Amino acid sequence: MSFQVFGIPVSRGVAIGRAVLVASSRIDVPHFFVDPSAVGSECERLVVARDRVASDIALLQTELPPDAPAELAALLDVHLMLLHDEHLVAAAQNWVVERRYNASWALAAQLEVLARQFDEMEDAYLRERKGDLEQVVERVMQALHSPDESPEARWSQVASRSSDPNKDAAEELILVASDISPADMLGFRRSIFTGFVTDVGGRTSHTAIVARSMDIPAVVAARDASRTIRQDDWVIVDGDAGIAIVDPPQIVLEEYRFRRRQGELERERLARLRHTPAITLDGQSVALLANIEQPQDAAAAIEVGAVGVGLYRTEFLFMNRGGQLPGEDEQYEAYRKVVEAMQGLPVTIRTIDIGADKPLDRMGLNELRHEHSLNPALGLRAIRWSLAEPVMFRQQLRAILRASVHGPVRILLPMIAQASELRAAQEQLARARAQLLDAGRAFGHVQVGAMVEVPAAALSLHLLLPLVDFVSVGTNDLIQYTLAIDRADETVSHLYDPWNPAVLGLLQTIIEAGARAGREVSVCGEMAGDPQMTPLLLAMGLRSFSMHPARIPLVKQVVLRSDARRLQTEVGRVLQQEDPQAFSKKVFEGA
Ligand code: PEP
Ligand code: MG
């Protein structure tokens, strides 16, 4: 039966495909696609793991003391029976054969199917056996865990599946999950998923940002999606309206196929703007830069005609690594790749911004050194973390300095709130330079900039500007901290408003302060890639925008149609409004 799930639209467009449920399990389940040649051995692993658990249970049975309660022996019998039921391992093998899921994922998918069947049972005793099933599956999962399921192995295999020439085009898949960590999302980037639906998240949660950077339709905060959508259901993801339509009737399917085609045509049309310089009608030149998360994203930046990288989020290099953080040389290689790929265009490398909704993985340094924070967005994140880990910070700075030999590089420091942090960071930079000199390593000149994403920085910018070459406004966090709205919390996402007069007022303050001090101001939050916002930002005097490559053509189209001088005359009135969005739409229409 057809039904709809409502959420927040975070990445535009339409995707139509079969649901792939990524269940949340008590143990961490790796998800990747196995190579066709490995299907047989993956199926075999399931049998081996099942047999290992079965023999453990059989051993337990023989060792039961004679006075052990009868229920215990009966329970072990039930576990053995569940283990050997063909609905478990044989059915999981089907997921491996038909979908090429890795063994743990296949088992988790099958658990999901069986758990639903248990939930629907009339008999209370049988219904309660679901708990036993979960325990049994968990033991098999533990038995399955092997080096082949390390994070590095999984993502490389996802990549191999995506480039499979035999891939059936009709086999589009939509990922449905309770939540997807930003790091997992990045891994899925090179996979075959054509749409995402998650139960939680907000418009600028990092998961949503990565979805947008992939330019894949996505809906987040769709509350019950992962419980109501079933494995293999047909799903339409309407990333413009924030709706997932499950088992759509034929007529709806046809309508969405038409819309999807229209979207593709529109993208093709915009792609022709690639070589057109972004200049307003009154001759103002505007820099449209790219936000990237991984070195390979630089190709997309060049492809759409970005004039540089305005934000390289390096923290993704540090995630999902099973505790093995990248050393200086590995970082240098990654940064150099970006610098070279950008062919002489400037690359802004942001130092690690972990914490809040971008934790390092469980075995990462977060766990080793720092306790859980009650309020991670206000805790030890971004520059605070780097300054607390000076050895690691200098290692990153050295890698960046070395990469700057290959082209123009700028360092961007995240979440600066006060001048003392900038001074401390500059001190570490000086030490990193000295270390490179001592080691006889080459390094180039870098400009240093601060991210303005904490209201305190915006309000005391005159004290920060003399210490930097440029600033970049992180509006995603600036909105979060100005409005006291957790950007990743779907329960308050309706209050997360880029158009809030306080946010716009701060933005204007920052742009004016930058102009007075002769420092470049850029915006690299999601706001920069929202074409609805472009006229107002131009009107405020912003001339540098950094966004996901896929957004550049859309924003460029607005820039080309705008008269910045005319827009400027309306800024004062827009900022006085209770609803600046509605007013801005009215006054800037056709300007
Ligand atoms: C921001 O906060 O606007 C920003 C660009 O940084 P991030 O989204 O990575 O926190
Ligand atoms: Mg930020």
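A salt bridge is taken here to be a side-chain nitrogen of Lys or Arg within 4 Å of a carboxyl oxygen of Asp or Glu. The structure is a predicted model, in which local features need pLDDT of at least 70, side-chain atom pairs count only at pLDDT 80 or more, and totals for chains, interfaces and linings use all residues. Residues are numbered from 1 along each chain as its sequence is written, ligands are numbered from 1 in the order in which they are written, and side-chain values use heavy atoms, with hydrogens and water left out.

The structure contains 30 salt bridges, one of which joins the side chains of D119 and K130 at 3.1 Å, N to O. Because D119 belongs to helix α4 (residues 103-119) and K130 to helix α5 (residues 124-144), this pair ties together parts that are eleven residues apart in sequence; helices (H or I, at least four residues) and strands (E, at least two) are DSSP runs, numbered from the N terminus.

Ligand 1 is surrounded by 17 residues, each with a heavy atom within 4 Å of the ligand, and the closest are R313, R350, G474, N476 and R487.

Two or more residues of the shell around ligand 1 come from each of α8 (206-213), β10 (309-313) and α19 (475-483), and α19 gives the most, with three residues.
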